[in-house]
Amino acid sequence: MYRKIMTMAAGALVLGLSTLSAEAAGKNICVSWKTFQEERWKTDEAAIKAVVEAAGNKYFSADAQGSAAKQQADIEGLITQGCNVILVVAFDSDAILPAFQAAADAGVKMISYDVLVEHPDALYVTFDNVGVGRLMAKTMLEKGKQEGDFAFIKGDKGDPNATFLFEGIMEVLKPNMDAGKIKNVCETFTDGWKPDAAQKNMEQCLTSVNNKVDAVISENDGMAGGVVAALEAQGLAGTVPVTGQDGDKAALNRVALGTQLVSVWKDSRVLGKSAAEFANMIADGKAATEIPGVGKFSGGAKGVEVNAVLIAPNPITKDNLNDVIDGGWVTKEEVCAGVAAGSVAACN
């Protein structure tokens with residue numbers, strides 16, 4: 001379980017890395033991405049890079065391309081090639097532990113970015129993922145369905161966030177499930193959080209229950225796209241509410257169109273900016289316990305206590321689409337593409 005902590009409101013390895021120590025002015029802040037294929041990571045990177053470079057530090061990155069083995073090698077390379085602080089979006093949190101230990105042994109500071117790695121020396125910076133799960137489920141009960149046959153399309157089994165999200169989802173839905181109002185008819189992990197894998201999972205679910213699904217809890221927007229595609233093929237899109245998270249442009253458009261109920265918006269510009277500021281502080285010698293808003297977190301599978309900062313998310317439905325538009329996250333044209341005139345207030 002989570003311990004309560006303070007919350008804050010809201011390619012391959014880059015060429016030339018071997019010359020970091022000799023040529024770089026300031027400190028070297030590096031990022032190991034689990035995969036750069038998802039839309040949101042480009043937004044995170046832009047925010048991180050801007051803050052790092054504004055402080056006179058240098059930004060470098062590596063893309064593990066969805067490979068735990070490559071990420072291990074990438075991090076080992078970053079350690080030996082002059083990085084002062086490494087932010088890691090882990091592909092497999094357990095598999096990457098040896099790299100975190102190697103960094104600790106070498107005196108390189110590590111930040112678990114968005115995905116928990118249970119190493120006591122690493123600072124964990126993320127959105128409150130159990131809270132995201134709660135918000136998805138709460139929105140489903142308030143604006144979607146309170147009872148019926150529910151399908152659960154979870155993220156990758158090796159990513160702790162999939163479990164954190166499900167923990168929050170079940171916390172909210174359990175009373176209705178215990179009362180027999182909600183029935184879990186399908187529940188599956190999705191390899192790599194891939195939309196096509198989620199679509200296949202949803203298709204198999206629909207087949208197994210003869211299309212009798214009243215609601216779908218999808219753990220992110222990319223997978224929600226696959227889920228909606230499967231529902232559309234059966235003429236169910238728009239009648240079966242679907243959840244998601246990340247604030248992807250396509251998902252926000254689906255919210256406006258009515259084929260997705262909610263996208264819990266985790267403004268990754270805020271996350272990236274915060275993590276980069278923390279990385280700069282740590283590179284300058286500040287301890288993780290001195291980071292603004294830091295608290296203790298021990299909610300991982302192993303119960304390892306780490307220093308952590310959790311940032312609060314915002315559930316976006318048809319009713320508050322203006323939040324993402326006015327916040328400059330997405331344009332009105334992107335959100336409202338194909339929306340019937342007068343059907344959504346934010347699109348008027």
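User: What share of the residues in the chain is buried?

Analyst: Of the 348 residues in the chain, 55% are buried. Buried means under 20% relative accessible area, exposed means over 50%, and partly exposed lies in between, with a 1.4 Å probe and protein chains only. This is a predicted model, where local features need pLDDT of at least 70, side-chain atom pairs count only at pLDDT 80 or more, and totals for chains, interfaces and linings use all residues. Residues are numbered from 1 along each chain as its sequence is written, and side-chain values use heavy atoms, with hydrogens and water left out.

User: How do you know that Gln 71 counts as buried?

Analyst: Gln 71 has 0% relative accessibility, so it counts as buried. You can find Gln 71 in helix H3, residues 68-80. Helices are DSSP runs of H or I with at least four residues, strands are runs of E with at least two, and both are numbered from the N terminus. The chain has twelve helices and 14 strands.

User: What is in contact with Gln 71, neighbours within four places in sequence aside?

Analyst: Contact means heavy atoms within 4.5 Å. Leaving aside those neighbours, the partners of Gln 71 include Ser 32, Trp 33, Ala 64, Val 88, Phe 91 and Ile 96.

User: Why is Phe 91 called partly exposed?

Analyst: Its relative accessibility is 25%, so Phe 91 counts as partly exposed. Phe 91 belongs to the loop between strand E4 (85-88) and helix H4 (97-106). Neighbours within four places in sequence aside, Phe 91 is in contact with Lys 34, Gly 66, Ser 67, Ala 68, Gln 71 and Gly 158. Of these, Gly 66 is 25 residues away in sequence, and 6.4 Å away in space from C-alpha to C-alpha.

User: Is Asn 320 buried or exposed, and how do you know?

Analyst: Asn 320 has 19% relative accessibility, so it counts as buried. Asn 320 sits in the loop between E14 and H11. Apart from neighbours within four places in sequence, Asn 320 is in contact with Asn 314 and Pro 315.

User: What makes phi worth a look at Trp 193 and Asn 210?

Analyst: Most residues other than glycine have a negative phi. Trp 193 is not a glycine, yet its phi is positive, near 60°. Asn 210 is not a glycine either, and has a positive phi of about 55°. Trp 193 is found in the loop between strand E8 (182-188) and H7, and Asn 210 in the loop between H7 and strand E9 (215-218). With a relative accessible area of 9%, Trp 193 is buried, whereas Asn 210, at 69%, counts as exposed.

User: Why are H7 and H8 called oblique to each other?

Analyst: Helix H7 (residues 195-208) and helix H8 (residues 221-233) pack at an angle of about 40°. Angles under 35 degrees count as roughly parallel, over 145 as roughly antiparallel, 65 to 115 as roughly perpendicular and the rest as oblique. H7 and H8 are therefore oblique. Their axes are 7 Å apart; axes are lines fitted to C-alpha atoms, for helices over the stretch in contact, with angles from 0 to 180 degrees between N-to-C directions.

User: Which residues of H7 and H8 meet, and how do they divide?

Analyst: Among them are Pro 195, Met 202 and Leu 206 in H7, and Met 223, Val 227 and Leu 231 in H8. The residues of this contact divide into nine nonpolar, three polar and one charged. Here Ala, Val, Leu, Ile, Met, Phe, Trp, Tyr, Cys and Pro count as nonpolar, Asp, Glu, Lys and Arg as charged, and the others, Gly among them, as polar.

User: Which residues are buried in helix H9, and what covers them?

Analyst: Ala 251, Leu 252, Asn 253, Arg 254, Val 255 and Ala 256 are buried in H9 (residues 249-257). Their cover includes H8, strand E11 (262-265), strand E14 (314-316), helix H11 (322-326) and helix H12 (332-336). Just after H9, Gly 258 has a positive phi of about 95°.

User: What makes the radius of gyration agree with a compact globule?

Analyst: The radius is taken over C-alpha atoms, and the globule rule is 2.2 Å times the number of residues to the power 0.38. For 348 residues a compact globule would come near 20 Å, and the chain has 20 Å, which agrees. Along the principal axes, the C-alpha atoms fill a box of roughly 60 × 45 × 35 Å.
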